[in-house]
Amino acid sequence: MSTNVKNLTRIAIMTAVICVLGPLSLPIGPVPISLTPLACFLAVYILGTARGTLAYVIYLLIGLAGVPVLSGFSGGPGKLFGPTGGYLIGFIPMAVIGGIFIHRFYQKLYLQAAGMILGLAVCYLFGTAWLAYQANMDFAAAAAVGVYPFVILDLIKIAVAILLGRAVRNALVKANLLN
């Protein structure tokens, strides 16, 4: 199997994983608790920054096309351009920033975590600004419903992504399925 086919297959598999985890959510207000940040971090941890981010972008395009893979088993332009769309778009720079730190500092877990937290903060910024605009509220009110309830859970997702992503990546490398 050629390297390009292998890479396409890896990206497709990780996109499928995101499609499975992404819709799982708990609606607690205008912004649901979602496994999408975990899935996004796992993608870049396992595939690398570029391929992991591409897997997420493909997932986002699948959702935009109307396939119910976004939070709450929803999809379509209304979801992407609705109140939570900024978070969905914000996962792209989150993946890039987190992925850079993950792979640049693979032996330093604290720096990986710091990069993932920085990426998450950028995602929060995108999402909160868009939520404030869409819901006609000020930035502080949007942060109160779109960020503060999620910080602890998202930090837990980062810890899980580090533990699980590292284990899966190391197992795939050991099995010669990933370099």
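**Notes on a predicted helical model**

1. Trp130 and Tyr133 both sit in helix α6, three residues apart, or about one turn of the helix. Helices here are DSSP runs of H or I with at least four residues, strands are runs of E with at least two, and both are numbered from the N terminus. Trp130 is partly exposed, because its relative accessibility is 28%, while Tyr133 counts as exposed at 60%. (Buried means under 20% relative accessible area, exposed over 50%, and partly exposed in between, with a 1.4 Å probe and protein chains only.)

2. A word on the model before going on. This is a predicted model, in which local features need pLDDT of at least 70 and side-chain atom pairs count only at pLDDT 80 or more, whereas totals for chains, interfaces and linings use all residues. Residues are numbered from 1 along each chain as its sequence is written, and side-chain values use heavy atoms, with hydrogens and water left out.

3. Now to the rings. There are five aromatic pairs in the structure. One of them joins Tyr56 and Tyr59, which are tilted, with 5.5 Å from centre to centre and 45° between the planes. The pair of Trp130 and Tyr133 is tilted too, because the ring centres are 5.3 Å apart and the planes meet at 40°. (Rings of Phe, Tyr and Trp, the last by its six-membered ring, pair if their centres lie within 6.5 Å; planes under 30 degrees apart are stacked, over 60 edge-to-face, and the rest tilted.)

4. Where do Tyr56 and Tyr59 lie? Both are in helix α3, residues 49–64, three residues apart, about one turn of the helix. Tyr56 and Tyr59 are both buried. Together with Phe91, Tyr56 and Tyr59 make up one aromatic cluster.

5. Helix α2 is worth a look for how covered it is: twelve of its twelve residues are buried. Among them are Pro37, Cys40, Phe41, Tyr45 and Leu47. The end C-alpha atoms of α2 are 16 Å apart, which agrees with the 16 Å that its twelve residues should span at 1.5 Å a residue. (The expected span is 1.5 Å times one less than the number of residues.) Just after α2 comes Gly48, with a positive phi of about 100°.

6. Helix α8 covers residues 151–174, and its 24 residues reach 34 Å from the first C-alpha to the last, close to the 34 Å expected. Its buried residues are Asp154, Lys157, Ile158, Ala161, Ile162, Gly165, Arg166 and Arg169. The elements covering these buried residues include β2 (33–34), α2 (36–47), α5 (85–104) and α6 (109–135). Asn176 follows α8 and has a positive phi, near 60°.

7. Is Gln112 buried or exposed? Gln112 counts as buried, because its relative accessibility is 0%. This residue belongs to helix α6. Leaving out residues up to four places away in sequence, Gln112 touches Tyr45, Phe101, Ile102, Phe105, Tyr106, Ile162 and Arg166.

8. A search of the whole structure finds one cavity of 30 Å³ or more. The largest cavity has a volume of about 230 Å³. Of the 19 residues lining the largest cavity, Val31, Pro32, Ser34, Tyr87 and Phe91 lie nearest its centre. β2, α2, α5, α6 and α8 are the elements that give two or more residues to this lining. (On a 1 Å grid over the protein atoms alone, a cavity is a set of points where a 1.4 Å probe fits but cannot get out; a pocket is an open set with protein on both sides within 12 Å along at least five of seven lines; lining residues have an atom within 4 Å of a point.)

9. The largest pocket has a volume of about 370 Å³. Its lining counts 17 residues, of which Arg10, Ile13, Leu47, Leu172 and Leu177 lie nearest the centre. Helices α1, α2 and α8 each supply at least two residues of the lining, and α1 gives the most, with seven.

Definitions and conventions: Contact = heavy atoms within 4.5 Å. Points joined across faces, edges and corners; volume = space filled by probe spheres on them.
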